[in-house]
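Please open the model in your viewer and keep the selection tool at hand. At each stop you will be told what to select and what is there.

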Amino acid sequence: MPLIVGGRAWGAVSCVAGQRPLDDVDAELIAGVAEHLSAAIRTGDLYDQLTQSMIGTAEALAAALEAKDSYTADHARSIAELGVGVGRELNLSESAIEDLRYGGIFHDVGKIAIPDALINKPGPLTDEEFEVIKQHPAIGAEILAPVPFLYGVRTIVRHAHEHWDGEGYPEGLSGEQIPLGARIVLAVDAYHAMTSDRPYRQAMSHADACKELEDNAGTQFDPEVVEALLAVLSREQAA
């Protein structure tokens, strides 16, 4: 019995009759199996097409971010890669890790709406300028809102600047009120920022950055996330 999907043959269902010839009931059973398999293949094919479409949407957003600020785009890719490592260290589910990957890529996408002069300012920001910068997590979450498959990523983007002690922004969440993905992105973001050259300062050494993470575990960062991040970084350094 052929498997027909979208007007083309994907294969066939065959049956060994055994000790008796096939009758009409057997033929109906085989036809039913073929129909269900065809439907399953069609569903899988549509899912693959949808997945590719969603990935294309994500890549378009990433390209827009890169056009705005190449450092932010490179920084985001590094955070995504390291964040996935921390997620695996914490035994997160594959779906949570996928959200974490996109959360890392898009955690600063809201900076598209922030003036270049503030993003690339060579000196410290004024209080008024920092208030403008603090708007970018909420802006980023709104940018992602129309993309259904990024729904779980929005909470990471919105809360990736919240602190364990409640002193972050935009909502001042604390402890486990902050989504775990956001807590991971915060710590990974901080490490990468500390070890990168910026217009207003030189990069910090790996050892000094790790000490900063340890010193701020329990205040700025989730202690469990810091422990996992340091374990991942230690393995990377050894490699």
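Predicted model: local features only at pLDDT ≥ 70, side-chain atom pairs only at ≥ 80, totals over all residues.

Begin by selecting Glu162 together with Leu173, whose backbone nitrogen lies 3.0 Å from a polar atom of the Glu162 side chain. Residues are numbered from 1 along each chain as its sequence is written, and side-chain values use heavy atoms, with hydrogens and water left out.

Stay with Glu162, which lies in the loop between α7 and α8 (helices are DSSP runs of H or I with at least four residues, numbered from the N terminus). Is Glu162 buried or exposed? Glu162 is buried (under 20% relative accessible area, whereas exposed is over 50% and partly exposed is in between, with a 1.4 Å probe and protein chains only). Yet Glu162 has no salt bridge (a side-chain nitrogen of Lys or Arg within 4 Å of a carboxyl oxygen of Asp or Glu), and the nearest side chain of opposite charge, Arg158, is 6.5 Å away (Lys and Arg count as positive, Asp and Glu as negative, and His and the chain ends are not counted).

Next select Tyr169, which is one of the residues that Glu162 touches (contact means heavy atoms within 4.5 Å). Tyr169 forms an edge-to-face aromatic pair with Phe130, at 5.8 Å centre to centre and 85° between the planes (ring centres of Phe, Tyr or Trp, the last by its six-membered ring, within 6.5 Å; planes under 30 degrees apart are stacked, over 60 edge-to-face and the rest tilted). Phe130 sits in helix α5 (residues 127-133), 39 residues away from Tyr169. Tyr169 counts as buried at 13% relative accessibility, whereas Phe130 is partly exposed at 35%.

Now move to helix α7 (residues 151-159) and select Val153, Ile156, Val157 and His159, its buried residues, which pack against α3 (94-106), α6 (136-144) and α8.

Finish at Val188, which is among the residues with the most contacts inside the largest nonpolar core, a set of 25 residues (buried Ala, Val, Leu, Ile, Met, Phe, Trp, Tyr and Cys joined through side-chain atoms within 4.5 Å).

Notes: Helix = DSSP H or I, 4+ residues; strand = E, 2+ residues; numbered from the N terminus. Polar contact = N/O pair within 3.5 Å; in protein donor to acceptor, adjacent residues only side chain to side chain. Lists of a residue's contacts leave out its neighbours within four places in sequence.
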